[in-house]
Amino acid sequence: MQAWQVHENGEPSEVMRLAEVERPVPGEGQVLLRVRAANINFPDALLCRGQYQVRPPLPFTPGVEICGETEDGRRVIANPALPHGGFAEYALADARALLPAPEALDDAEAAALHIGYQTGWFGLHRRAHLQAGETLLVHAAAGGVGSAAVQLGKAAGAHVIGVVGGADKAAVARELGCDVVVDRRSEDVITAVKEATGGRGADVIYDPVGGEAYAQSAKLVAFEGRIVVVGFASGTIPSPALNHALVKNYSIVGLHWGLYNTKNPKLVQRCHEELTELAARGAIRPLVSERVPLGEAAVAVQKVADGRSTGRIAVVMEGAA
């Protein structure tokens, strides 16, 4: 089969190589899946760079989120078991963690429903307890993680403010349903958000960026607000001033979605059922901005790594829906 492999750490476009390799053999509790579509996530770039919290042995195949097909023809969503990731014709996955792909979504959309939307659901509902009528601010609102949070926030009845970088991404954020869009490249984020909220700030702030975005969040969070720390795409991990959280009465809430797979897998299943229902009634639909063939995966991963993508880029196999 064909698979992209990383033999040394570095930038995706430099270290990912397409090769002919043997199909992986399932271990105990694993299944072999024919990959129909693989969604590109920022962690794929971190894996290539050797900067992710999981470091598979070299060589490995990146690709942490797929829509695949079982031997009996079922279409499923899965997180491949590294080092046999999803940027290949076949991948391995934990048999117990397979989720049915929603009928309302095609293969690329189904592949993009999992990590970003599960993270958004757990972050907004389980950790921040977002309520209808509250104001939700989403950093990097046009990105893969941010776009999912925007849609889930709107589905929950929140007033959504999206912060983006650039006019093109601002247009995408508006199409996603943001009530207010702030372009950090041409506007002062703090001033714009305070104007949009009458000086009150946001009840919930969803931050997959860190760095300067977190510093802005601390200045914009409302009384009894919640800042949900999802990731650090900026590359800078902030050091919160806890005295500031005390003085302003806000919460800093961390979210590591992957822990639920071991700590509370039933909740992951419940989340997927709710996401499937939302997709069926059209309340959410993953924004797949590009669909590329397997041979273009390395270039696409680099594009995500450089922050030049909107929504999700999916690697779609020949014959996929």
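Predicted model: local features only at pLDDT ≥ 70, side-chain atom pairs only at ≥ 80, totals over all residues.

Tutor: Residues are numbered from 1 along each chain as its sequence is written, and side-chain values use heavy atoms, with hydrogens and water left out.

Student: Why is the aromatic pair of W121 and F122 called edge-to-face?

Tutor: Rings of Phe, Tyr and Trp (its six-membered ring) pair if their centres lie within 6.5 Å, and planes under 30 degrees apart count as stacked, over 60 as edge-to-face and the rest as tilted. For W121 and F122 the centres are 5.0 Å apart and the planes stand at 80°, so the pair is edge-to-face.

Student: What makes W121, F122 and Y260 a cluster?

Tutor: Ring pairs link these three residues, and the structure holds two aromatic pairs.

Student: Are W121 and F122 buried or exposed?

Tutor: Both W121 and F122 are buried (under 20% relative accessible area, with exposed over 50% and partly exposed in between, for a 1.4 Å probe and protein chains only). Of the 321 residues in the protein chain, 53% are buried.

Student: Why is the protein chain called as compact as a globular protein of its length?

Tutor: The protein chain has twelve helices and 15 strands (DSSP runs: H or I of at least four residues, and E of at least two). Its radius of gyration, taken over C-alpha atoms, is 19 Å, close to the 20 Å that the globule rule gives for 321 residues, so the description holds. That rule is 2.2 Å times the number of residues to the power 0.38.
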